[in-house]
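Welcome! Have a look at the model below, and then we will walk through its ligand site and its confidence scores together.

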Amino acid sequence: MMSRPSTSQSPPVVASINDVSALFQNAQKYEELSLIGTGAYGTVYKARDLHNGGQIVAMKKVKVALTEDGIPLSTVREIALLRQLEAYRHPNIVRLLDVCHGGQCLERDQQLVLFLVFEHVEQDLDSFLSRAPGPLPESRIRSMSHDIISGVDFLHSHRIVHRDLKPHNLLVTAAGRVKLADFGLAKTYDVEMKLTSVVVTLWYRPPEVLLGARYCSALDVWSAGCVLAQLHTRRPLLPGASDSDQLHRIFRLIGRPPRSEWPDNVSIELDSFPSYPPQDLARILPRIHPHALDLIKGMLVFDPSKRLTAMDCLEHPYFTEEPVA
Amino acid sequence: MFSTSSQRKFWTFSDENELARLREKHNYFFYARQNSHIDEQQRFTYFLSPDEERQLLKQYELHLKEFCKRFTPPMPKGVVGTAFHYFKRFYLYNSTMDYHPKEILATCVYLACKVEEFNVSIGQFVANIKGDREKASDIILNNELLLMQQLNYHLTIHNPFRPVEGFLIDIKTRCSLANPERLRSGIDEFLEKVFLTDACLLYAPSQIALAAVLHAASKEQENLDSYVTDILFRDAGRDKLAILIEAVRKIRSLVKMVEAPARERVRLIEKKLDKCRNQENNPDSEIYKRRMRELLDEDDVLHVGSSRMSLDTSGVTQVLSPSAS
Ligand SMILES: Nc1ncnc2c1ncn2[C@@H]1O[C@H](COP(=O)(O)OP(=O)(O)OP(=O)(O)O)[C@@H](O)[C@H]1O
Ligand SMILES: [Mg+2]
């Protein structure tokens with residue numbers, strides 16, 4: 001009995017041949033139609049799935065830098081997770097239909113190109129809101145709010161923090177349902193993201209992230225709170241111009257937090273902010289349903305541990321007192 | 001959760017015939033793709049038959065088990081189980097004549113380490129391999145993507161180990177069996193063998209776990225039948241219980257039939273394989289070398305000088321070939 005694994009005597013290039021043919025397979029599987037969007041992490045194309053009755057899909061191309069140990073552990077784990085989550089078919093998570101790769105050898109500098117194939121959804125919430133002819137009806141706001149929080153709750157129940165909730169990453173179907181997109185693999189690129197020149201929107205960032213303190217799933221609740229407010233006004237709630245401006249805007253809205261809530265080990269001092277008093281959110285969100293107002297207030301709380309959880313939100317009277325469409 | 005998993009949906013098959021059909025199909029596809037002058041009647045004088053492929057893979061499953069057992073640092077059971085799943089899944093859709101099991105085995109274990117978060121670097125990993133370690137690591141890293149793709153990126157595996165723990169806790173609380181911990185050695189022994197069968201492609205992890213527990217109990221001259229029917233599945237209903245009992249019976253009989261393939265037979269199969277394997281994937285073949293040269297010529301940016309792209313395989317065959325040890 002041998003005492004070691006039997007491995008091939010093939011030189012390493014063997015997979016390159018395989019990859020080239022796999023590349024052609026992929027190329028035959030999907031026909032690229034047009035560019036949908038380019039973000040900080042990748043490029044999204046509209047494509048036709050040639051094997052499934054020509055159904056239209058959205059292909060997200062992500063580049064992964066290979067390490068000495070091959071495909072990064074985080075990438076492997078996240079692909080596993082995305083595939084595993086997909087089995088639940090949650091109505092508020094965009095369907096991941098397929099994963100394929102664009103080969104290893106063709107990338108010049110130890111890069112791997114992955115294609116994540118998603119169901120194609122009409123538009124994102126950003127364009128939905130900008131195209132809306134006037135204020136959204138209350139029932140629509142309520143059902144969209146519920147969709148968003150349900151998706152967040154689903155991710156949190158699987159111990160996933162989205163970390164980048166914003167209208168661009170929320171897709172709106174033709175039937176008006178909202179689905180979360182762009183989570184999971186994004187994590188891998190966090191470091192890179194900060195280095196890129198692409199301006200990453202700050203407007204949905206909670207104070208703990210802006211301060212560089214520890215964060216947890218409560219971060220998504222803050223971002224979702226900002227999005228929910230935006231559903232009412234169709235305008236971003238806190239459109240900061242810089243990290244520091246963003247913090248000033250936050251404290252001008254919710255008031256400068258008490259010293260007891262200021263996180264430890266952050267370089268920014270509480271005293272560098274004027275002692276802003278809290279504003280009345282109702283003045284910014286006029287005509288808002290009182291339950292909706294109370295919910296959003298509970299989501300925009302400085303101390304992450306005092307913020308509502310996604311599950312708390314789903315049990316809020318805003319959703320429970322009247323049926324959600 | 002297994003019930004909503006890709007494992008259940010895509011990788012749990014109805015019966016052994018279905019597995020046999022898939023394997024025969026890919027055995028035939030290989031032959032058909034070769035355009036060889038050998039006619040169908042004479043096919044198996046040159047190419048491997050489905051049964052020969054089975055025997056060969058059984059031998060390599062034993063190698064896989066041994067490799068994991070001797071691995072340092074000691075490998076958690078979950079990694080071993082996951083690696084077995086990968087190996088079996090890979091060869092449901094591929095022929096050993098296309099991809100030699102020596103090329104796939106170590107890659108399965110390596111990928112399983114990543115997915116199960118058993119953190120070993122490639123250096124640590126190949127330290128467990130005798131022979132040319134640099135070569136081995138190139139092979140593993142270059143096959144990693146191929147493997148992930150062939151697994152259709154379904155990387156999360158539900159193993160029977162956790163359900164076993166669940167059963168043991170339940171037995172301790174709801175069953176009168178004295179000292180349930182004594183079942184452990186019988187359970188471990190059963191689960192080691194179960195991975196040498198097709199059970200994990202046919203049954204749910206909890207069914208396999210239950211079979212292991214019941215096997216261990218009967219080895220201890222204990223009978224847990226009334227615990228299973230009256231307590232564990234009291235509310236399951238007759239039909240469900242009958243299905244479960246049948247599954248357990250089948251799993252136990254699969255395990256009973258496990259035996260190592262005859263050494264001499266495997267040796268002949270390996271010899272046959274050396275001749276009939278896909279020469280395009282065989283680094284010692286002329287066609288492989290020619291294709292490689294073409295590829296390198298076309299792709300002027302490839303770093304021909306780097307060790308990862310080395311074409312020099314002289315002397316490696318002996319070191320890495322399992323039949324040489
Ligand atoms: N499934 C889809 N169907 C239709 N359009 C989509 C889909 N997924 C993404 N898009 C569009 O592509 C854009 C970019 O996608 P995505 O957010 O996944 O990439 P990104 O690189 O992370 O971008 P960003 O950095 O802006 O978040 C989205 O804002 C959306 O408009
Ligand atoms: Mg995005």
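How many Å separate a backbone N or O atom of E119(A) from a nitrogen atom of ligand 1? The distance is 2.8 Å, and the table sets it beside two other polar contacts (pairs of N or O atoms within 3.5 Å).

| Residue | Atom of the residue | Atom of ligand 1 | Distance |
|---|---|---|---|
| E119(A) | backbone N or O | nitrogen | 2.8 Å |
| V121(A) | backbone N or O | nitrogen | 3.0 Å |
| K60(A) | polar side-chain atom | oxygen | 2.9 Å |

On its own, ligand 1 exposes 600 Å², and the protein buries 90% of that (Shrake-Rupley areas, 1.4 Å probe).

This is a predicted model, where local features need pLDDT of at least 70, side-chain atom pairs need 80 or more, and totals for chains, interfaces and linings use all residues. Residues are numbered from 1 along each chain as written, chains are lettered from A and ligands numbered from 1 in written order, and side-chain values use heavy atoms, without hydrogens and water.

Around ligand 1 there are 20 residues, each with a heavy atom within 4 Å; D124(A) and H168(A) are among the closest. By class, this shell has 9 nonpolar, 5 polar and 6 charged residues. Domain 1 (17-119) and domain 2 (123-320) of chain A each provide at least three of the shell residues, with bounds from an automatic or database assignment.

Now for confidence: pLDDT runs from 0 to 100 for each residue. Chain B averages 86, and 88% of its residues score at least 70. Over residues 299-325 of chain B, however, pLDDT is below 50. Where pLDDT is low, predicted coordinates should not be read in detail. The model scores ipTM 0.80 and pTM 0.82.

How values were computed
Polar contact = N/O pair within 3.5 Å; in protein donor to acceptor, adjacent residues only side chain to side chain. Nonpolar A, V, L, I, M, F, W, Y, C, P; charged D, E, K, R; others polar. pLDDT = per-residue confidence, 0-100. Contact = heavy atoms within 4.5 Å.
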